[in-house]
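Have the viewer open as you read.

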Amino acid sequence: PTLTPVPSASPTPEPSSVPTTTLSPTVPCVCDQTLIVGIMTDNYPAETTWKVTLDEDAPINCVDGSAGGPYTEASTLHTHAITVCAGQRYLFEIFDSYGDGICCAYGEGYYYLQLNGVEMVRGGEFAGLETYAFTPTATHGGGASSADSRSSWWWQRQSAVTLGARE
């Protein structure tokens with residue numbers, strides 16, 4: 001038998017100059033770390049609120065933040081546990097509606113953030129707003145030393161200036 005090539009019914013399409021896009025699968029968030037937000041209120045607890053928010057570029061399957069305040073009891077420590085995800089950027093913001101912070105003119109208020117039992121930041125002397133950004137980078141327990149643990153996340157602290165005076 002002799003084979004005779006037969007033309008196809010449709011010609012081969014020309015190559016496209018536009019690259020094809022293949023979306024990568026959604027990376028699952030590892031949300032197994034505990035952030036403790038501690039707020040010691042000053043003499044005017046109703047002025048104090050805070051929030052922890054997840055960066056807007058984070059995958060949709062990550063745990064978002066939390067919020068607290070205003071408070072009703074003066075000179076009282078309030079603690080809040082929040083689950084956070086490794087590799088995701090979070091922003092902590094603490095607000096004082098009067099603009100005089102939570103320390104030191106009208107009480108000895110303060111705040112702190114602990115990641116898995118290790119304190120990252122502590123403050124209280126600010127005006128109307130203070131922010132602190134951090135990114136947990138690995139799952140780690142509270143047994144590590146402060147120096148070792150502090151190197152395992154990224155942080156940035158800012159304080160906004162707002163003027164105000166009590167009568």
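## Ground rules

This is a predicted model, where local features need pLDDT of at least 70, side-chain atom pairs count only at pLDDT 80 or more, and totals for chains, interfaces and linings use all residues. Numbering runs from 1 along each chain as its sequence is written, and side-chain values use heavy atoms, with hydrogens and water left out.

## The chain overall

The chain carries 1 helix and 11 strands (DSSP runs numbered from the N terminus: H or I of at least four residues for helices, E of at least two for strands). Following the sequence, the order is β-β-β-β-β-β-β-β-β-β-α-β.

Of the 167 residues, 37% are buried (buried is under 20% relative accessible area, exposed is over 50%, and partly exposed is in between, using a 1.4 Å probe and protein chains only). Take the contacts between residues at least 6 apart in sequence: 72% of them join residues at least 24 apart (a contact being heavy atoms within 4.5 Å).

## Three disulfides

How many disulfides does a search of the whole structure find? There are 3, counting a pair of cysteine sulfur atoms within 2.5 Å as a disulfide. With the bonded cysteines numbered in sequence order, they pair as 1-3, 2-4, 5-6.

C29 bonds to C62, with an S to S distance of 1.6 Å. That pair links distant parts of the chain, 33 residues apart: C29 sits in the segment before β1, and C62 in the loop between β2 and β3 (66–68). Both C29 and C62 are buried.

C31 pairs with C85, their sulfur atoms 2.0 Å apart. The torsion about this S-S bond of C31 and C85 is about 90 degrees, so the disulfide is right-handed. Since C31 is in the segment before β1 and C85 is in the loop between β4 (77–84) and β5 (90–96), the pair ties together parts that are 54 residues apart in sequence. C31 is partly exposed at 23% relative accessibility, while C85 is buried at 0%.

C103 and C104 make up another pair, with sulfur atoms 1.9 Å apart. Here the torsion about the S-S bond of C103 and C104 is about 75 degrees, so this disulfide is right-handed. C103 counts as buried at 16% relative accessibility, whereas C104 is partly exposed at 35%.

## D42 in its loop

Is D42 buried or exposed? D42 has 2% relative accessibility, so it counts as buried. D42 belongs to the loop between β1 (33–40) and β2 (48–54).

A polar atom of the D42 side chain lies 2.9 Å from the backbone nitrogen of Y44. Leaving out residues up to four places away in sequence, D42 touches T48, A74, S75, D96, G101, I102, Y106, G107 and G109.

## The cavity

The structure has 1 cavity of 30 Å³ or more, and the largest cavity holds about 30 Å³ of space. A cavity here is a set of points on a 1 Å grid over the protein atoms alone where a 1.4 Å probe fits but cannot get out, and lining residues have an atom within 4 Å of a point. Grid points are joined across faces, edges and corners, and the volume is the space filled by probe spheres set on the points.

Which residues line the largest cavity? They are D42, D100, G101, I102, C103, C104, A105 and Y106. By class, that lining has 5 nonpolar, 1 polar and 2 charged residues (Ala, Val, Leu, Ile, Met, Phe, Trp, Tyr, Cys and Pro count as nonpolar, Asp, Glu, Lys and Arg as charged, and the others, Gly among them, as polar).

Key
Polar contact = N/O pair within 3.5 Å; in protein donor to acceptor, adjacent residues only side chain to side chain. 1 Å grid on protein atoms, 1.4 Å probe; cavity = no way out; pocket = protein on both sides within 12 Å on 5 of 7 lines; lining within 4 Å.
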